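Let us walk through this structure one region at a time. Keep the sequence at hand and turn the model as you read.

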Amino acid sequence: MNTTLSPDEYIKIKVENDRTGTSVETLKRAFADHLFFLQGKYESIATLEDYYIALGYMIRDRLLYRWIETQKTYKDKGMKKVCYLSAEFLMGRHLGNSLINLDLYEEVRQAVEESGLDLGELLEQEHDPGLGNGGLGRLAACFLDSLATLEIPAIGYGIRYEFGIFHQLIRDGWQVEIPDKWLRLGNVWEIPRYEDTVEIKYGGRTETYHDDKGRLRTSWVSDRTVKAVPYDTPVPGYQTNTVNTLRLWKAEASDDFDFDAFNAGQYDHAVSEKMSSETISKVLYPNDNTPQGKELRLAQQYFFVAASLQDIMRKHLLHNENLDNLHEKVAVQLNDTHPAVAVAELMRLLLDRHGYDWEQAWSITSNTFAYTNHTLLPEALERWSVSLFESLLPRHLEIIYEINFRFLEDVKTWYPNDEDIVNRLSIIEEYPEKSIRMAHLACVGSHAINGVAALHTQLLKEETLRDFAHISPNKFFNKTNGVTPRRWILLANPKLSELITEKIGEAWFKDLDQIRKLEQFVEDPHFRQKWWEIKLGNKQQLAEHIWKRHGIEVDPLSMFDIQVKRLHEYKRQLLAVLHIITLYNRLKHNPSLDIVPRTFIFGGKAAPGYFMAKLIIKLINAVAEIVNKDPNVRGRLKVVFLGNFNVSLGQKVYPAADLSEQISTAGKEASGTGNMKFSMNGALTIGTLDGANIEIREEAGAENFFLFGLTAQEVKALKNHGYNPYDYYLRNVALKEVIDQIAHGYFSHGNTELFKPLVDSLLYDDQYMLLADYQAYIDCQDQVSHVYQDREKWIKMSILNSARMAKFSSDRTIKEYCDEIWKVHPVKIELEEYDPDDAVIKVNKFPLKG
């Protein structure tokens, strides 16, 4: 019998690649392979960390497939790309986010479960990369997520800090900083690209010479060279094939080891250059209270900017004959003033390395950069002394002087008899110390300048950057910040995500405007009950975390009143403390008083050199010590400070909040993004008309927002008329009692000196108007308590807050940047179906590197 089949009779069997397949069986097999072949472990000796690493590599394989196709497509199509320069990228844990964006969460959960493990436990093994301090870095991370989701060609550039932001411990109520060893287990998600290493120069002097065309040129003769080694991390979009890149630079010595010094017995000297060079990428935001700290900060900023620009230009020249059209192929966004030295560095590269004349170099430079301002605080608008620049970056100082000279010549032409505006606009500040205003450099060298909330942009144009807005009004844009709903709802709040999806479908994952459809269910009692149960479940999970980590028992049925953000006086955590003590005093005066039980939750880090912020942390914990143990309180008030607040902890906190505290002094907060995360997850906001609070209130409805306090205009007017905080202290009995308790040692075991700096600041300066806003804040908090007692009303307000937050998706923000500033367009990434016959290397087209 002939059993031979003709070609037409063969059945094609689909085979999944273990590196890219997504079925549960393939995932299980790939998981086991990575444990065995990459970790070198088997089941009985593998730790949870081993399993996490194996799972991470398995997911990274699926990312790499898309990542490589993305880069190939960008190369082939030559589309304009966004290059996002930021000193911070607070990405959060990668594994959970990658599972969500690859739409593999359930399949992987099942594969892990069938392997005898719990996915939740493995997710907890990942260490948060602490590569940011707060909103700035988290915003950058949200933007990368949205860029990939919207299929925009983009790359993020920053620093691969070895220790990142410090790990915060609380000892005896004080913040203690220890190194954050986030690389202790290595990093599954990154790939070093040693072949793209570049050299970064510092110090030395400049020399002039004539080139072969007789033109006068300048050469920078440095006295120190550091290597910048790139580490690439894939950044996937949600339910798209696009995987963009985050490229972080690590500093290494140009010569790691001095063999002659070692042989001579000078062992420390033999590795001194290695240690000195690696310091540059050691720690995020080293303390700059010393000259050495200032020099290291500037060295860090120049390091990643110079490395990134060399990388951008190298890639451009692979596909273009010259740099004439650089600004047509890349849009470089400066995320705050940290990368502002890029303006001078790009000019240096164009002038000194590529031979452009000044006018053409300036045209390319000023059309390449756009600048985002993130602050209204004068002290946060960076200034570097001319003497520091002269010693560290002498060529850049010359270029900045020339930029400033040419710019001011134009200003003098426009305003021939106004020396004041010339001085105000100058990049160089003459007094009290001759310094370079980095925000001014960014403004002069950029084609677009944007604020990050409507009020912030208005105040930039009216006050902080008034003169720049006057001479170049068309440069200014508002781009209200946003956050990614994938991490901050879908990943952080899975039960709420399920409920929303059950009611309105899945389209809201990528189009948050769809979430407005939830409004139709506000009057549905069954929906409201489910909403309440989900919020209560989230509160129970946070309560368990608090008990486990801090040993404090809190009641999930109490109102969770939460303020988690960077510690700074203008954010007014101290005002919230005054409210807690006020409530505590009411209970002390009348123990049978019927009040709404509240759990006050704080979290956030103070800069290591910021004494007042650290003292506020101490006061919060001192008040907690008294309030939590007082039998008269009977558990009706609890105070908790969450140590080491980070992205992963935020994913537990935001979904559990009833009340979001956004109480900064009006006119001080640029935008805020925590306010958005809270509102998306159904928290109600108590806040001032500051930053994005204004727009949140407009979207949610004034009736669903607890507003108090002076406006930015009223703050300014009160200060101009002579604000005296001591008058408020004398006139308000409850306020006087609170401040006297702090001053007289009630919360410091009788030590009247401990909190004296805080008391003196409040009574004799009060720069951030706490006493002026105190009574309005107390009255508004009483209104909060009254509404909270009406559970059905509170739930309706909670639903409406979530349903009306579409504006605050980072997808919307990025679309506006793309359309109005960057002029970039989406690029579709197509994946070829896996064919085992093609799974071989074929070197026949390109010359090999090396």
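Contact means heavy atoms within 4.5 Å. With that in mind, find Glu-433. Glu-433 touches Ser-385 and Ser-387, not counting residues up to four places away in sequence. This is a predicted model: local features need pLDDT of at least 70, side-chain atom pairs count only at pLDDT 80 or more, and totals for chains, interfaces and linings use all residues. Residues are numbered from 1 along each chain as its sequence is written, and side-chain values use heavy atoms, with hydrogens and water left out.

Stay with Glu-433. It lies in the loop between S14 and S15. Such labels come from DSSP runs, numbered from the N terminus: helices are H or I with at least four residues, and strands are E with at least two. Buried means under 20% relative accessible area, exposed means over 50%, and partly exposed is in between (1.4 Å probe, protein chains only). Glu-433 and Ser-387 are 46 residues apart in sequence. In space, their C-alpha atoms are 9.5 Å apart.

Now look at the strands around that loop. Strands of a sheet pair through backbone hydrogen bonds, either parallel or antiparallel. Here, two strands pair if DSSP finds at least two bridges between them. Three strands form an open sheet in the order S13-S15-S14, with antiparallel pairing. Strand S13 (383-385) and strand S14 (428-429) stand at the edges with a single partner strand each, so one side of each has no neighbour in the sheet. S13 is joined to strand S15 (residues 435-437) by three bridges. Ser-385 stands opposite Ser-435 in S15.

Move to strand S12 (residues 369-372). Which way do its residues point? Phe-369 and Tyr-371 point one way, Ala-370 and Thr-372 the other way, and all are buried. S12 pairs in the parallel sense with strand S11 (residues 330-335) over four bridges. Gln-333 has Ala-370 in S12 as its bridge partner. S12 also pairs in the parallel sense with strand S16 (residues 448-451), over three bridges. There, Tyr-371 has Ile-449 in S16 as its bridge partner.

Two packed helices are described by the angle between their axes and the distance between the axes. Axes are lines fitted to C-alpha atoms, for helices over the stretch in contact, and angles run from 0 to 180 degrees between N-to-C directions. For H12 and H15 the angle is about 100 degrees, and the axes are 9 Å apart. That makes H12 roughly perpendicular to H15. Angles under 35 degrees count as roughly parallel, over 145 as roughly antiparallel, 65 to 115 as roughly perpendicular and the rest as oblique. Among the contact residues are Met-347 and Leu-351 in H12, and Ile-399 and Ile-403 in H15.

Six bridges join S18 to strand S19 (residues 598-603). Two bridges join strand S18 (residues 559-564) to S21. Asp-561 stands opposite Leu-659 in S21. On to S21 and strand S22 (residues 684-687), which are joined by four bridges. The chain crosses from S21 through helix H26 (residues 674-680) to S22, and this β-α-β crossover is right-handed. Right-handed means that, with the strands pointing away from the viewer, the path from the first strand over the helix to the second runs clockwise.

Finish with helix H32 (residues 770-788) and helix H33 (residues 791-803). They pack at an angle of about 110 degrees, with their axes 7 Å apart. That makes H32 roughly perpendicular to H33. Val-784, Val-787 and Tyr-788 of H32 meet Arg-791, Lys-793, Trp-794 and Met-797 of H33.
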